Structure formats: structure tokens, C-alpha cells
Amino acid sequence: MGRAGELLTIRRLLEDPAGGVVTVTGPPGVGKTRLAVAAAAAAAADYVDGVAFVDLAEVRDAALVPAAVLAAVGVDDVDLPETTEELRRTLIDKNLLLLMDNWEHVLDAGLSTAAALAGCPGLRLLATSRERLHLRAEREAPLRPLGLPREDDDLGRLAAAPAIEMLVQCVRRFEPGFEVTPDNRAALVEICIRLDGLPLALELAAARLKLFTPGELTFRLRHRMSILIGSVRDVPPRHRTLRAALAWSHDLLRPDERAAFRRLSVFAGGATLEAAGQVCALGDPVATITSLVDKSLLQRRIRPDGVTEFVMLESLREYAGVLLAEHGEQEEVEARHARYFADFAILVDTAVGEAGRAEWAESVGIEQGNLWKALAYAMAVADAGLSLPLAAILGWYASVPAGDKPTLPGRAPVVVDPGHRRGAGESLSHALLAAAAPALGQGDLDDVEVLLGRVLAVDEDRQCTAIAAAVLGHVARARGHTDRAVGHHVRAADLFGALGNLPGLAWSRYDLALLARHQGDAARAAGLLRESLTRFRETGDVRAAACVAWALTVVEESPRGRADGVERLLVEARGCCGVARVRPGIATCLAETPPEGCARRQPRVFPSSLGRVEVPPMLTAVPGTGGDRGPAPSADDAWSVRGLTVREWQVARLVADGSTNRQIGRALGIAEKTTEAHVHNIIRKLGAHNRAEVAARVSVHDDADSRAAGDPLDGSPDTGEGTGRRTTDAV
């Protein structure tokens with residue numbers, strides 16, 4: 001099922017005169033034997049002498065392989081020393097397809113067998129193995145797991161997904177009327193995804209559906225090694241349980257490969273070569289990782305930042321994790337993993353606020369699974385020396401707007417107990433900042449105020465105090481306490497200036513400009529923005545320059561007329577967004593760059609390579625300039641979404657756009673199950689009955705509150721410069 005392309009590939013490889021050997025490779029349970037048998041059956045008519053099947057699973061000695069081949073073609077009772085020569089004599093005139101299954105444990109026989117068969121022009125060899133035979137005439141046909149379903153597909157397309165099709169067909173062996181229905185579709189999709197589309201795992205899971213409903217089985221798959229046990233007797237013992245299938249491959253590894261295999265289970269997602277070498281304590285990382293890739297126990301893939309990483313199928317990871325615990329290595333390897341990623345977090349922290357921070361943000365996004373796992377370990381052992389840098393960098397990353405990066409599901413704020421041990425030079429202020437960072441990223445302003453208020457009270461580290469003051473300025477502004485916000489930002493600016501922290505000082509000037517504009521002092525706002533823009537130009541921070549240039553156009557566009565200057569700033573903002581590769585920012589700047597002067601424009605939609613991005617009209621409601629923010633929202637309408645977290649608001653906006661859970665998950669980089677949970681919480685918090693009512697409330701909110709539609713000074717072009725990010729840039 002679902003292997004038409006692979007069958008065609010094997011057929012073409014067998015027809016290639018240059019390749020006498022075709023090897024189907026792949027991880028345990030992927031269906032190599034079944035595919036090879038189907039391919040051989042399809043090609044049998046092309047060979048006068050048909051197909052001979054050789055099962056090597058029970059052949060324990062490579063020297064016995066020629067005898068097994070002879071037995072398969074009807075030749076018995078040959079003395080062992082003569083088998084190789086007898087094999088050549090027997091097959092030299094044959095036009096035969098020789099299918100040799102399970103070659104991985106007798107690879108040493110490959111060279112001698114190939115040599116014996118080299119003089120047989122009518123012979124083709126089709127082999128299955130978990131690694132290639134490493135022969136010159138060999139052509140490899142790697143086999144991947146079955147294609148997975150998409151949750152947003154209709155029922156017909158969902159049922160046609162190869163993994164779903166196989167699962168359903170296996171269930172029909174004992175329940176002929178089994179179908180994909182609206183009620184079971186979500187559970188069936190989850191089963192296929194959690195089992196990586198591995199045919200053996202799906203077959204064993206289908207057997208369990210005789211006892212459990214699909215929904216019940218998804219819960220029990222958390223322990224797939226014990227639940228995936230079959231009862232079919234006419235299959236090899238290694239195919240009766242998932243653990244037995246994986247153990248067959250594991251037992252063929254060298255001791256150093258076994259150690260690497262089980263230790264790699266500690267990674268959440270992928271591992272770079274460097275990370276694998278350090279965390280797994282590999283003597284020769286290149287040789288060991290290459291061998292595991294060759295044996296189909298690791299898969300190589302290229303990350304979005306162009307770095308190579310190595311990943312395990314989840315079924316393999318769970319099995320390797322069991323072995324890690326059985327060998328008593330879990331604590332040691334998890335500690336190395338946490339230390340490695342704490343060092344990575346410290347390295348990233350030094351780059352925050354620099355011109356190249358976008359690349360670092362991408363790296364954090366890619367590694368956030370490992371970072372969260374490392375943080376969980378650090379918190380469990382109460383080691384603040386590890387947890388502080390991890391919590392801080394994850395909090396910084398959480399504050400980056402979702403459109404700028406992928407994210408994992410939201411996490412509860414990390415509270416670092418002052419009693420936890422800290423490394424040299426680590427203060428209570430650092431601990432409180434680390435605890436506040438994730439809370440800030442999730443919009444938990446009450447927690448932020450409590451934690452950072454303690455930082456200001458302690459005042460033991462000027463850098464920490466400056467950062468805390470800047471964050472509290474944002475919190476005060478978000479809550480409408482303008483005077484308090486000004487006080488915090490003035491304090492932050494003074495401290496950053498005294499410390500020589502130019503990015504922090506520049507952002508403080510920007511924040512004070514926003515407040516000045518809000519208070520009606522456009523001239524002061526423009527002066528602060530020009531100072532901020534100058535500093536960001538000097539440092540080469542293109543994202544920050546785009547943000548400030550955009551804001552300056554808003555302040556300077558007025559009835560007095562500064563069309564040329566405004567247009568130059570918009571063009572600069574557009575150019576900065578282009579360098580920084582921020583699509584919404586480019587679209588906004590394109591929409592607002594005036595063809596003639598600075599006349600007010602209507603919303604525009606820019607498709608092209610930017611994707612479909614709707615851009616709101618320019619909102620320049622500076623008091624005294626004639627700007628019109630529209631009617632004031634009523635308390636009921638404007639705050640109909642009050643109580644939602646930052647992430648829930650992002651999800652609600654996408655629900656209003658008509659996105660499915662799967663599409664929302666892809667847009668925000670979160671799991672579909674997490675999206676489903678967010679939607680459920682949103683419906684509950686808003687007192688809505690369905691997604692349509694959520695969409696209606698979001699629409700009412702957008703119409704009532706122009707800030708939600710994109711006030712340029714509250715969001716600027718979407719360059720990824722949220723208030724939380726600006727504050728952490730100051731670090």
C-alpha cells in the first residue's frame with residue numbers, strides 16, 4: 001500500500017545493465033521484505049528462470065550464505081568448501097532474479113557472494129538489508145515510512161493516505177466494516193503520526209484495536225514497547241513485537257554504536273554532529289554517526305539554518321531511551337545534555353541585541369525542544385547555574401512574535417527558588433529575571449510585575465535593574481499607566497547609558513518616543529526617534545532601524561507636510577525589512593510607500609512572493625494633527641477578548657481567518673493537539689459556543705480598537721520587534 005513509486009524505482013534499477021545488485025534499505029519495521037517480494041513478483045515474467053527467494057534470517061555464519069542460495073535453487077548436499085564454486089557453476093547459465101532477504105547480519109558474505117555471481121550475466125540480485133552491502137555494482141533503494149495523513153483533509157483523502165489505508169486494512173481482518181469516520185479520524189491520524197508511519201508498528205497497533213477504541217489506544221501508545229505486541233503465529237518472532245524488531249537491529253551493533261544509539265535518545269528532536277559528540281561522549285563522532293545512518297537507525301536532514309542534524313524515529317527513540325535507563329546512564333547523559341544546551345544559551349545571550357540576532361533566534365527556535373528538556377532537568381535537580389541561562393533564553397525567544405519563528409506549546413513561568421544553588425557571580429537579580437522571562441513571553445503581566453519589582457528593590461546589579469525597569473515600563477504602558485511607564489523607561493535609559501549598553505539605550509529612547517507621542521508631544525517623539533535611528537544605523541541593526549524608521553514616518557506625517565522625508569524613511573524601512581527577511585514588514589512598507597506625496601491610503605493586499613498579507617491603512621492619530629482613530633470602542637466590544645493569553649490571542653486571530661487547527665499549528669509552530677487545547681480554552685474564556693462565535697468576537701474587537709489593526713507605533717511594520725524582544729535586546 002502506498003508504494004507505487006518505490007516499486008517503479010526498483011523495477012528501473014533492476015533493468016539497469018550497470019547495476020547487478022539492488023538493495024532495499026530502511027529502518028526496522030518499514031516493510032523492506034514485503035516491498036521486495038512485491039517487486040520480485042512484478043518482475044518475475046522478465047526472467048526465464050523466474051525468482052528464487054533466500055531467507056538469510058536464520059543463517060548465522062556468513063560462510064553458509066552460498067549454501068543457502070544453492071538450497072533455494074534446489075541444490076543440496078554440497079560440501080562447504082565447494083559451495084562458492086558450485087554456486088557459480090549452477091547459476092552461470094541462469095536467467096534468474098535472486099531475492100535475498102535480511103542480509104544485514106551477514107554482510108561479510110556480500111563480497112564473496114558477489115564475486116561468485118559476477119560471471120553470471122543473466123542473474124540479478126535483489127537484497128533487503130538495514131544497511132547497504134557496500135558493493136561497487138550495488139544500487140540502493142532506501143525505503144521510508146508510509147506517507148502520513150493530514151488532519152485537514154476530507155474523509156476521502158484522509159482514508160487514502162498510505163498509513164491510514166494500511167491501518168484500516170489491518171483492522172478489517174477482524175472487523176470487516178471498519179471505516180474512517182468523523183468520530184475516529186483524529187485518533188487514527190494521531191496513531192499513524194505517533195508510530196511514524198512504520199508498517200510493522202501500524203500492523204501491531206491494528207491488532208490492539210480489537211481490544212481498545214482508537215481514542216483509548218492513542219493514550220496507551222505512550223508506552224508503545226509494551227502495548228505493540230501481535231498474536232499472529234505465521235510471522236518471524238522478531239516481527240511479533242515492536243521491541244523484538246528493534247532489538248534485532250540493535251543486537252547487530254558494535255559496543256560503541258550501541259552506546260551512541262541509546263545515548264542519542266536524550267535529544268528532543270535532532271542532534272548536530274557536535275552536540276552528539278559532546279553529549280554522547282563519542283570518541284569518533286563522524287565514524288559512529290555515519291555507521292548509525294548507514295544502518296538506518298538515524299536519519300540525516302538539513303535544518304532551516306542549513307546545518308545538518310540527525311534524528312531518530314520516535315519508536316526508535318523510545319526503545320533507545322529504555323536501554324539508556326537499563327544501562328544506568330540516564331542521569332549522566334541528561335546532565336551532559338543540560339550542560340551543553342546551557343552553554344549554547346549563554347552563547348546566544350551574548351548575541352542578543354547584535355545585528356545578527358535573527359540567525360540566533362532561528363537557532364533557538366530549532367533547538368527549543370532540546371532547550372526545554374535541558375531546563376526541565378536543571379529544574380528537577382535544582383541547579384540554577386544551568387536553569388538561569390536556559391530560562392532566560394527561552395523567555396527571550398517566547399517574546400519574539402509568533403510570525404517570526406516557530407514555537408512550542410506555552411509553558412508555565414519558571415520560578416527559580418533563591419535557595420537553589422547558583423554558580424559564581426550569579427545573583428538573586430539574575431534568578432528573578434530568569435523567572436520573569438517566560439512569564440513575559442506568555443503575557444503573564446502580574447507575575448512579571450511581582451518578580452521584577454523585587455529586582456528593583458534588591459538593586460544589586462545595574463544591568464539587571466536596567467532590564468527590569470525597561471520591562472516594567474512596557475507593562476505599565478500596556479496597562480495605561482503612562483506616567484509610571486515614563487519613569488521606568490527614564491531609569492532604564494540612564495542605567496543603559498551609564499553601562500555603555502548602546503542597544504539598550506537606543507530602545508529606551510524609542511520607548512520614550514512612543515510615550516511622548518501618546519502624550520501629544522510629537523516634536524519630542526520625533527527627536528527621540530531620530531536619536532534611536534542614528535544609533536541603530538551605527539550598529540547595523542537592520543530590524544531595529546526598520547522599526548524606528550517606520551515609527552518616525554508616523555510622527556512626521558502631518559498637515560504641515562514632510563512628504564519627501566517620510567517617503568525616504570519608508571523606503572529605508574522597506575530596505576531594512578528586506579535585508580532582515582521579514583515578509584509582513586516588507587508588505588506593510590510597500591503598502592505605505594506613497595507614489596505621490598503622503599496621501600492617506602486604503603488597506604491593500606500584496607500577493608506575489610510575500611504571501612497574502614493584508615495591510616491596514618496608516619493610522620496617524622497624533623493629537624493636534626487631525627488624525628482620526630475612529631470611534632472609541634465600548635467597554636463590552638473593545639475588550640470582548642479580555643483574559644486571553646498572548647498565544648490564545650494569536651490562535652483566535654487565525655481562527656477568525658478561517659484556519660484549521662492544522663494550519664494554525666503550522667503557522668505558529670505548535671502541535672495540532674496544542675492548537676486544539678488553545679481553541680477549547682478560547683471558547684471557554686469567551687463564553688462562545690463554537691469557532692464562528694470566536695471569529696465574530698475577534699472581528700468586533702478589531703473594528704472597535706484600531707490598535708489591534710496595527711497602530712504603527714504599537715507594532716511598527718511587523719519586523720519582529722515586540723516590546724518583550726526590545727527589552728531582552730538590551731541584555
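Five strands, in the order β2-β3-β4-β1-β5, form an open sheet with parallel pairing; strands are DSSP runs of E with at least two residues, helices are runs of H or I with at least four, and both are numbered from the N terminus. Two strands count as paired if DSSP finds at least two bridges between them. This is a predicted model, in which local features need pLDDT of at least 70 and side-chain atom pairs count only at pLDDT 80 or more, while totals for chains, interfaces and linings use all residues. Residues are numbered from 1 along each chain as its sequence is written, and side-chain values use heavy atoms, with hydrogens and water left out.

At the edges of the sheet lie β2 (51–55) and β5 (138–142), each of which pairs on one side only. Neighbouring strands are turned against each other by 20 degrees on average, direction ignored. Strand β1 (residues 21–25) runs parallel to β5 and is joined to β5 by five bridges. Within β5, Arg139 is the bridge partner of Val22.

Helix α2 (residues 32–43) packs on this sheet and touches β1, β2, β3 (96–101) and β4 (123–129); contact means heavy atoms within 4.5 Å. The direction of α2 makes about 160 degrees with that of β4, where angles run from 0 to 180 degrees between N-to-C directions and axes are lines fitted to C-alpha atoms, for helices over the stretch in contact.

Elsewhere, the axes of helix α13 (residues 255–263) and helix α15 (residues 285–294) come within 10 Å and cross at roughly 80 degrees. The contact involves Asp256, Glu257, Ala260 and Phe261 of α13, together with Thr288, Ser291 and Leu292 of α15.
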